[in-house]
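Reader: Please show the sequence and the structure. I will then ask about its strands, domains, chain contact and backbone exceptions.

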Amino acid sequence: MEKIAGYPESLDNQSTHYCPGCTHGIIHRLIAEVIDELEIREETIGVAPVGCAVLCYEYFDVDMHEASHGRAPAVATGVKRVHPDKTVFTYQGDGDLASIGTAEIVHAANRGENITTIFINNAIYGMTGGQMAPTTLEGQKTTTSPYGRNIKDSGNPIKMTEMLAVLDGPAYIARVSVHNPKEIRKAKKAIKKAFRMQLEGKGFALVEVLSTCPTNWGISPTDGLKWLEEMMLPQYPLDVFKDIEEVE
Amino acid sequence: MSEKKLMKGNEVVGEAAIRAGCRYFFGYPITPQNDIPAYMSRRLPEVDGVFLQAESEVAASNMVYGAAGAGARVLTSSSSPGISLKAEGISYIAGAELPAVIVNIMRSGPGLGGIQPSQADYFQATKGMAHGDFRLLVLAPSTVQELADLTYLAFDLADKYRNPVMVLGDGMLGQMMEPVEFKEMRDLDELPKKEWATDGAKGREKNVINSLGLVAENLEKHNLKLKAKYDQMREEEVRYDDYKMDDAELAIVAYGTTARIATSAIDRARKEGYKVGLIRPITLFPYPENRIAEAADQVDEFLAVEMSTGQMVEDVKLAVNGKKPVDFYGRTGGVVPSTDEIYDKIVAMRGDK
């Protein structure tokens with residue numbers, strides 16, 4: 001009999017520390033399903049970030065390495081160079097990847113490091129209590145932008161994915177979202193492609209996943225999904241920004 | 001053993017590391033250690049190794065963190081300001097109990113400082129490398145041959161303790177050429193097996209490399225486990241060398257290249273009848289405190305000589321524990337003390353005795 005539902009093997013069956021309405025859980029599951037479907041659970045090493053997903057090494061049932069803040073691409077580089085035949089991925093939030101870890105992600109991408117990065121963008125620092133992130137939208141109120149993000153003082157919301165796509169190194173760069181079932185299916189397809197390209201030795205692949213943070217946005221989970229769709233999508237359009245397979 | 005070769009200190013680090021089974025190097029350019037990455041970039045491809053020039057020292061130390069967690073013998077090298085940047089990764093490596101070797105070819109500081117030789121990173125290496133409750137095992141060679149031997153040994157010690165090991169040299173040692181004899185090339189198949197490494201959870205429970213400890217009682221337990229390792233190092237790894245200590249009335253304490261200059265000053269003072277000897281710490285952590293404490297029962301006084309305004313002298317005082325006076329002579333900012341200066345200091349201390 002074919003199994004059509006159930007818990008992915010690559011995800012430990014336990015409750016998580018994520019808040020109600022947070023979409024980290026959905027994204028964890030998508031990654032675990034992809035690892036299962038590609039049959040690489042025993043050949044995969046994940047690198048966890050600092051941020052809300054710091055404990056993801058407890059949830060993914062693969063070998064895991066917990067990195068320091070922003071350095072996951074450097075740690076993943078070290079792992080991958082030692083085990084070029086294994087699959088290595090990083091899971092990083094927007095504070096981790098788009099602020100403190102900009103140098104590491106830019107240079108891992110530029111080297112075409114044959115790893116996969118899943119970049120979670122929820123426009124805020126979650127774990128530390130809702131501070132302004134480089135991805136925070138104009139006018140968005142956070143604990144460190146209580147009057148709303150002021151572009152003149154704090155700069156513009158950073159579009160990491162578009163930035164990385166202009167480099168020659170990356171093989172695949174896309175932005176997806178998980179605010180409804182249709183987008184979740186598309187997100188999984190993109191994540192699967194990002195892992196498959198690593199397996200085929202095609203080089204660096206990154207999928208940015210727009211995610212919710214109802215707790216720190218100060219709204220309900222359902223309003224969070226709406227806020228993502230109405231406020232984040234105009235700033236962060238969903239698209240494939242680079243795909244070397246399209247060129248081929 | 002092979003035949004003797006005339007080689008530059010920095011290059012010797014690279015060759016000794018490769019012979020010790022190191023196949024991975026992650027670094028970033030900084031003077032005066034640049035010959036190490038240059039040598040590795042040339043030599044590692046010949047032995048199917050990986051050389052990678054990172055985007056920063058911060059990234060390099062985190063690449064080392066990844067590679068060490070993946071089970072490799074891995075090296076990084078830098079000079080003082082670069083070591084400050086690598087401190088982040090080194091704290092994680094220590095916290096996660098990973099073996100790695102870090103070479104610091106010291107230059108003068110603070111800040112950007114200069115590129116001349118210095119020993120001003122003693123505190124950093126032995127006391128406060130970075131945040132948290134941890135220690136590095138610190139080896140301080142004084143000749144190019146010893147640089148080769150201690151670099152080779154560093155990898156075994158790192159594996160033995162699952163702890164980062166630092167080889168602490170200075171710009172003079174890195175740049176000087178001396179004859180050197182290397183130990184044999186290690187058989188990679190005979191290196192210690194690392195069951196804890198992240199190499200894919202094939203037929204086993206997953207491995208996790210981590211330094212996060214959110215439950216205070218658990219992290220305390222972990223830190224006490226680390227401390228037990230440091231105590232074991234104190235028991236098993238103390239290394240030092242004595243020079244003309246048998247009848248010494250003044251004991252100079254100096255390490256690295258400064259110890260060599262002190263040796264010349266001692267030879268000259270001995271000719272003039274001064275009973276001077278040298279205790280040369282080879283491990284800076286663990287520190288040869290018992291040897292110095294024992295010498296305190298023999299000599300009248302101590303003199304610490306360093307290329308700093310006085311850092312190791314504090315450990316000499318701790319070991320002497322008030323039994324005898326401890327004096328200090330140092331040059332700093334990249335100035336190397338001369339034999340004459342140290343000789344004059346000896347005469348000033350012992351002249352009327």
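Reader: In which sense do E11(B) and strand E14 (residues 301-306) of chain B pair, and over how many bridges?

Author: This is a predicted model, in which local features need pLDDT of at least 70, side-chain atom pairs count only at pLDDT 80 or more, and totals for chains, interfaces and linings use all residues. Residues are numbered from 1 along each chain as its sequence is written, while chains are lettered from A and ligands numbered from 1 in the order in which they are written. Helices (H or I, at least four residues) and strands (E, at least two) are DSSP runs numbered from the N terminus, and two strands pair if DSSP finds at least two bridges between them. In E14(B), B:Glu301 is the bridge partner of B:Leu250, and the pairing of E11(B) with E14(B) is parallel, over 4 bridges.

Reader: What is the handedness of the β-α-β crossover from E11(B) to E12(B)?

Author: E11(B) also pairs with strand E12 (residues 276-281) of chain B, in the parallel sense over 4 bridges, and B:Ile252 has B:Leu278 as its bridge partner in E12(B). Between E11(B) and E12(B) the chain passes through helix H9 (residues 256-271) of chain B. A crossover counts as right-handed if, with the strands pointing away from the viewer, the path from the first strand over the helix to the second runs clockwise. By that criterion, this crossover is right-handed.

Reader: Which residues of strand E11 (residues 250-253) of chain B are buried on each side?

Author: A residue is buried if 20 or more other C-beta atoms lie within 10 Å of its own, exposed if 12 or fewer, and partly exposed in between, with C-beta atoms placed from the backbone. Both faces of E11(B) are covered: one side has B:Leu250 and B:Ile252, the other B:Ala251 and B:Val253.

Reader: How many residues of H6(B) are buried?

Author: Helix H6 (residues 144-161) of chain B has 18 residues and reaches 25 Å from its first C-alpha to its last. The expected span of a helix is 1.5 Å times one less than its number of residues, and the 25 Å is close to the 26 Å expected here. Just after H6(B), B:Arg162 takes a positive phi of about 45°. H6(B) is mostly covered, and its buried residues number 14 of 18.

Reader: Which element gives the largest share of the side of domain 1 of chain B that touches domain 2 of chain B?

Author: The domain assignment, automatic or from a database, gives chain B a domain 1 (5-194 + 210-236) and a domain 2 (241-350). Their C-alpha centres lie 27 Å apart, and the contact (C-beta atoms, placed from the backbone, within 7 Å) takes 26 residues from domain 1 of chain B and 22 residues from domain 2 of chain B. Among the elements that give two or more residues on the domain 1 side are strand E7 (164-170) and helix H8 (216-236) of chain B. The largest share, 4 residues, comes from H5(B).

Reader: Which element gives the most to the side of chain B that touches chain A?

Author: The contact takes 34 residues from chain B and 28 residues from chain A. The elements of chain B that give two or more residues include helix H3 (57-69), helix H4 (80-95) and strand E9 (208-209). With 9 residues, the one that gives the most is H3(B).

Reader: What is the bridge partner of A:His65 in E9(B)?

Author: Strand E2 (residues 63-66) of chain A and E9(B) pair in the parallel sense over 2 bridges. In E9(B), the partner of A:His65 is B:Ile209.

Reader: Where is B:Pro110 found?

Author: Most residues other than glycine have a negative phi, and most peptide bonds are trans. A cis peptide bond joins B:Thr31 and B:Pro32, with omega about 5°, and the bond from B:Gly109 to B:Pro110 is also cis, with omega near 5°. B:Pro32 is in the loop between E2 and helix H2 (35-43) of chain B. B:Pro110 is in the loop between strand E5 (100-106) and H5 of chain B.

Reader: Is B:Asn321 buried or exposed?

Author: B:Asn321 has a positive phi of about 55° although it is not a glycine, and its place is in the loop between helix H11 (313-320) and strand E15 (326-330) of chain B. B:Asn321 has 11 other C-beta atoms within 10 Å and is therefore exposed.

Methods
Two residues are in contact if their C-beta atoms, placed from the backbone, lie within 7 Å.
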